[in-house]
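Take a look at the protein shown here. We will walk through it one region at a time.

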Amino acid sequence: MKHIISLFFLILLALFCFGQNLTLGKSQMSNKQPKVLIDSSSYDSWPVTESVYLSNNGKYISYFVGNESMGCHTLILQTNDAKWKKTFPGIENMIFAANDRSAILTAADRIYIVKLGLGITDTLFDIISYKLPKNGNKEWIAYRQGVKGGKLILRNLENSRSFVFLSVKNYYFTGNGLIIVRDEEADASKREHLDWVNITNGKCSNLWKGSGTRNVIFSTDGNKMAFIANTQNNLAGKDGIWYYEWGKEEAHCILPDLSAIKDSNLELNSLQYFSMDNSRIFITLKERAVLEESTNIDLSQPEVWSFNDKVLQSQQRKGGKEKSDRYRAIVNILDGNVLRIEGKDEFSPVSYRPPLTDSILVLHREINIGGAGETWNSACKTTSYLVSTKTGERTSLNSISDDFYPNISKYEKYFIYSDKENKNFFTYEIATGIIRNITKNINTSWERRFTSPIACWVDNDSAVIMYDRNDIWMVDPKGIFFPVNLTRGYGRRNNIQLFLIINSDDPVFFQKGEKVFLTAFNPETKENGFYSFTFGNAIDPTLLTMGSVLYDIPNSAATPDGVNFTPRKARNANSYIVRRMSATEYPNLFYTTNFKTFVPITDFHPQTKYNWYSTELHKWKSLDDTFLKGILYKPENFDSTRRYPVIFYYYESLSDGLNAFLLPKALNNGCVINIPYYVSNGYLVFCPDIEYTIGDPMQGTYNAVVSAAKHLMKLPFVDEKRMGIQGCSWGGIQTNYLVTKTDLFAAACSASGVGDWISGFNSLTGEGASLQEMFQIGQFRMGGTLWDSLHSYIKSSPVLHADKISTPILLMHTKDDTGCPLGNIIEFFTALRRLGKKSWMLLYEGNHAVYGKEGEDFSVRMAQFFDHYLKDKAAPFWMTKGVPARSKGIDAGLNLDYTIKTPTSYIINDTISNTVKNESQ
């Protein structure tokens, strides 16, 4: 009986507990807050991390946190294990001192000195400027202070010992001390002193007295210095070049004037750098300003445009020049002789880094007109020379290749270049002039989208590291040793693209047994991660981590702006910062030493309060039987029993961004729909990849987008009658074309595009340059002139097929668009208006994109446009009644008009309509 009673009570207790749990569950369900829909109030609340740095020893990390509207002004300093962490609001800049024990923070006119691991130890006020040594003297800082900024303090960061100098105009750290330029206080002539400061005792040694000092440069070893100043004892004289070598008594003038080059119209412009052997100084010269000989200009005279003009008159007015007014030259320190590298009669862009050899590459072009006319204008043809920096002798390199544009090795022992098909690569040995085919023994493809085949040079130019489509090669520039596939074909076998993680500023060394880290990306699955291999070991790369996340896809233009993040490495330690994200994981920072374990540095997850999105990778067969990929964006509250409207957004190839985390904002790139906003508010968004054919690029657009639409129409949750398209720039151009070829879409929005390829081919950019090259060999991909491919230009021009359009279209353009002329899109709009097509054009100030209030306005109107045609919402007054010019700025017309169902044309009468119909038949 006892057992029965006990069992009875147990059952009652169980039922009571079950009831309580059920009640609690209902209570929790009822108290659970629904996810918020993204709107304009959400845009400013998203944290952004920027300016991420590691101290040299890798122990300390710094980064700024803010948001897109306010900028990043809150600094975080912490140890890599987060046991010490400090927040500093309002900071504008931060630098780790080279001693790894201090950090310098600046805000307005203040400097905060932070002892790492502790906090702020001192605050300095009234700061005009400050400098830290780049190498040597790591514990020092110099700063100018005071209202006039003439007071200089040299301070030891370790013990706060300071030296004060007055009347300082400028200052420079060198490897062996501090150089200061200051006014001579007691001298009525106000001459300047150039002094060397011994930082151990603060004593000054005078190196020079004069006036007009500027442009101080130092040799790489820090033991030589040059500067520009007035010639001695002639304060109103010409600029000369002064030179000082440590251990000498004083600086002396090595070039008092330019009489040696026999050109009275040239004057000294600037000093650039010392040669590697420190025997020469590279300088630039400039033309003297010449007053117009005649002020009686007859404005009635016409511009004379000639078919033999090397530069269009429009470019000449905008500042396009047939010649440069800056010329490179070299001064021999020993005798002061000046050697011209660039002639006055040529435009010669030279490699703008200090040459490490006795030769320099000169790319001679008679005129520089910004890439317009290169395919046909003989004056734009590039002629390449190797010029001796000792004698000026020129060796022509044009026998190498018509398209010779080389990669210069790090130590400038070689140029490397490819043939036109990118099938083979050649080195030109500068010292000997020997040319070698260094890839003839490699059977592979060097085509890797967005990435140059040249990765880096191994120290002292002993080898060049190259990327093929998937793997990494080490190639001997002399062609003696057989090329080595460092990744042993692993990338190709596993369809993974492998990249070195390197700091491009530092020399690259590979030692036997050294572990080398790699970034990896699978273009098929879009997985991203890291591998490693051991140099000199004949084994495959080792997988460290790989997954459906995005760390970094090097050089990828297919991912959204700001998504890629090259791992940051500490200079003197194997310590790294990476950023990881996915479509549902906020891009947080992590610390790692092995790319297998990651210590969180930030922990942001603002998306969790919103109806966020997820992504799916889709693959389907295009209309030309090739397979394409695309991303489908779905809302977090996705309901498979519903039918959703869908917007297609496209540019070229976007599927690599599958795992990118997109920030909500008014617009992407100033003219593109913001995907998180639309998906959060009940849309699907689909981004298809597009493959183009040279000569008929828009057919590729049609094949990709239409096949993508038909692919999605098969899905039960897609409303096939409520599909829209949107594109900006090249995407807008494609949108204008699509609406002339298909009626699949219920609405289209095109921003900053063109509508007439024929007039566009012969149009000018905002800088006055011709757009012909853009059509022929640029993004338009026509592969020929208007007369070579007339049929393709006609086929691609939406204005010529505007009568076929049935899709309502919203155009956006800016008044000062330099790449897609306003007049071109006005052609398209006036054609649409004449034909009675449902169309609107929003015209804003600016160039190609809209930001700020204009961007917010466009995003609102675009959303209203799509909501009307894809969600059956009421149209706003700007769509139904328009906004008269007199109401601009007074009545935006954004209120919804509930008096009509949808906008219709009421300015086209029956006679005109019938005429149009007859003319189109």
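**Starting from a charged pair**

Arg 101 has a relative accessibility of 43%, so Arg 101 counts as partly exposed. Buried means under 20% relative accessible area, exposed means over 50%, and partly exposed lies in between (1.4 Å probe, protein chains only). This is a predicted model: local features need pLDDT of at least 70, side-chain atom pairs count only at pLDDT 80 or more, and totals for chains, interfaces and linings use all residues. Residues are numbered from 1 along each chain as its sequence is written, and side-chain values use heavy atoms, with hydrogens and water left out.

What does Arg 101 meet in a salt bridge? The partner is the side chain of Glu 158, at 2.8 Å from N to O. A salt bridge is a side-chain nitrogen of Lys or Arg within 4 Å of a carboxyl oxygen of Asp or Glu. Side chains of opposite charge can pair when their charged atoms come close. This pair links distant parts of the chain, 57 residues apart. Glu 158 sits in the loop between β11 (151-156) and β12 (162-165). Arg 101 sits in the loop between β5 (93-96) and β6 (102-107). Glu 158 is partly exposed too, because its relative accessibility is 33%.

Now move to a second pair. Lys 286 and Glu 267 join their side chains in a salt bridge, at 3.8 Å from N to O. Here the link runs between strands: Lys 286 is in β22 (residues 280-287) and Glu 267 is in β21 (residues 266-274), 19 residues apart. Helices (H or I, at least four residues) and strands (E, at least two) are DSSP runs, numbered from the N terminus. Lys 286 is partly exposed at 25% relative accessibility. Glu 267 is partly exposed at 24%.

A third pair has another setting. Lys 526 and Asp 656 form a salt bridge of 2.8 Å, N to O. The two residues are 130 residues apart. Lys 526 is in the loop between β37 (515-521) and β38 (528-534), and Asp 656 is in the loop between β46 (644-649) and α4 (675-680). Are these two residues buried or exposed? Lys 526 has 4% relative accessibility, so Lys 526 counts as buried. Asp 656 has 13%, so Asp 656 is buried as well. Elsewhere, salt bridges that share partners join Lys 169, Asp 183 and Glu 192 into one network. The count of salt bridges comes to 27.

**A strand under cover**

Next, find β50 (809-814). How many of its residues are buried? The strand is mostly covered, with 6 of its 6 residues buried. Ile 809, Leu 811 and His 813 point one way. Leu 810, Met 812 and Thr 814 point the other way.

β50 has strand partners. Two strands pair if DSSP finds at least two bridges between them. β49 (residues 747-751) pairs with β50 in the parallel sense over 4 bridges. Ala 748 has Ile 809 of β50 as its bridge partner. β51 also pairs with β50 in the parallel sense, over 6 bridges. Leu 810 stands opposite Trp 840 in β51.

**A helix and its neighbours**

Helix α10 covers residues 822-834. The expected span of a helix is 1.5 Å times one less than its number of residues. The 13 residues of α10 should therefore span 18 Å, and the end C-alpha atoms are 18 Å apart, which agrees. Buried residues in α10 include Leu 822, Ile 825, Phe 828 and Leu 832. What covers the buried residues of α10? The cover includes α6 (730-738), α7 (757-761), β50 and β51 (839-844). After α10 comes Gly 836, whose phi is positive, near 75°.

**The whole protein**

Finally, step back. The secondary structure comes to 13 helices and 51 strands. Of the 921 residues, 52% count as buried. Contact means heavy atoms within 4.5 Å. Among contacts with a separation of 6 or more, 53% come from residues 24 or more positions apart. The protein exposes about 44300 Å², and carbon and sulfur atoms supply 51% of it. Accessible areas come from the Shrake-Rupley method with a 1.4 Å probe; for residues, only the protein chains shown count as cover.
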